Amino acid sequence: MHLWLAILLIAAMGLILGLLGGGGSILTVPILVYALGVEAHAAISLSLILVGSTALVGAFLHQEAARVAWKDGLLFVCFGLPFNFLGASLSRHVSSKLLLLLFGVLMGIAGSAMLYKRSEPKSTDKLNIWPVVAAGAVVGFLAGFLGVGGGFMVVPSLVLFLRIPIKSATGTSLLVIALNSALALIGHRHTLKVDWLLLFEFVIPALLTTYLGVKLTEHLSAHQLRRVFGIFVILFGVVMVATNLAGLIFRH
């Protein structure tokens with residue numbers, strides 16, 4: 001029963017990832033930990049492979065409609081490269097409960113960002129490269145430390161700071177997620193724990209729903225789904241913070 005629930009949730013992750021260009025990756029580790037009881041560090045390794053491969057396929061699907069800014073995406077990843085490895089290195093020295101607590105806090109921030117209505121960038125705005133550098137560094141660190149692609153931060157960064165249209169930012173975000181996941185996986189190579197059979201069971205539904213999500217971007221507005229997802233992520237984050245904070249406080 002737990003396996004089927006996890007598959008259903010992973011399928012939902014793929015749909016959100018394909019439709020919004022982010023947000024789905026931050027759900028994968030909690031799904032693996034709470035639905036299947038996978039240890040946190042092992043869940044991060046599995047998440048990086050699953051989300052990274054799914055995002056890469058999604059990026060190529062978006063490319064069919066010429067919606068991936070390859071140069072800008074690669075530039076964004078380059079800014080975060082050293083911080084990606086730094087995050088992965090520090091992650092090995094942090095307990096599972098603390099990792100999940102940080103994950104819960106990050107989910108609350110991500111959910112709030114999803115609920116926040118961002119204005120469209122104006123063509124007369126002057127491009128400021130420093131926020132892009134900072135955003136790339138933060139996303140890279142989070143990818144390495146927590147095993148997330150950071151798409152929920154990539155999309156607004158690309159729209160506001162690089163003035164990339166929202167649909168192009170969605171496809172480009174998937175490219176950034178795939179590359180950040182690959183780099184973080186290299187950083188986690190010393191503690192790599194992967195259940196390949198479990199990965200195979202998850203990757204097929206994730207890819208199918210990612211394809212559906214990409215196709216839905218051509219016909220549907222993401223506004224309502226963004227709001228529902230934001231509320232869900234905030235509630236999930238609150239539960240994670242409460243559970244793991246209590247575990248840290250009362251572990252003695």
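How are H3 and H9 oriented to each other, roughly parallel or roughly antiparallel? H3 and H9 are roughly parallel to each other, a label given to angles under 35 degrees, whereas those over 145 count as roughly antiparallel, 65 to 115 as roughly perpendicular and the rest as oblique. This is a predicted model, in which local features need pLDDT of at least 70 and side-chain atom pairs count only at pLDDT 80 or more, while totals for chains, interfaces and linings use all residues. Residues are numbered from 1 along each chain as its sequence is written, and side-chain values use heavy atoms, with hydrogens and water left out.

**Overall make-up**

- The chain comes to 10 helices and 0 strands, where helices (H or I, at least four residues) and strands (E, at least two) are DSSP runs numbered from the N terminus.
- Of the 252 residues of the chain, 52% count as buried, meaning under 20% relative accessible area, with exposed being over 50% and partly exposed in between (1.4 Å probe, protein chains only).

**Helices H3 and H9**

- The axes of H3 and of helix H9 (residues 196-216) come within 9 Å and cross at roughly 30°, the axes being lines fitted to C-alpha atoms, for helices over the stretch in contact, with angles running from 0 to 180 degrees between N-to-C directions.

**The salt bridge**

- The structure holds 1 salt bridge, defined as a side-chain nitrogen of Lys or Arg within 4 Å of a carboxyl oxygen of Asp or Glu.
- Glu64 forms a salt bridge with Lys215, and the closest N and O atoms are 3.8 Å apart.
- This pair links distant parts of the chain, since Glu64 lies in the loop between H3 and H4 and Lys215 in helix H9, 151 residues apart.
- Glu64 is exposed at a relative accessible area of 60%, whereas Lys215 counts as partly exposed at 25%.

- Phe60, found in helix H3 (residues 40-63), is partly exposed, with a relative accessible area of 46%.
- Leu90 has its place in helix H4 (residues 70-91) and is partly exposed, with a relative accessible area of 39%.
- Leu90 and Gly187 are 97 residues apart in sequence, yet 9.9 Å apart in space, C-alpha to C-alpha.
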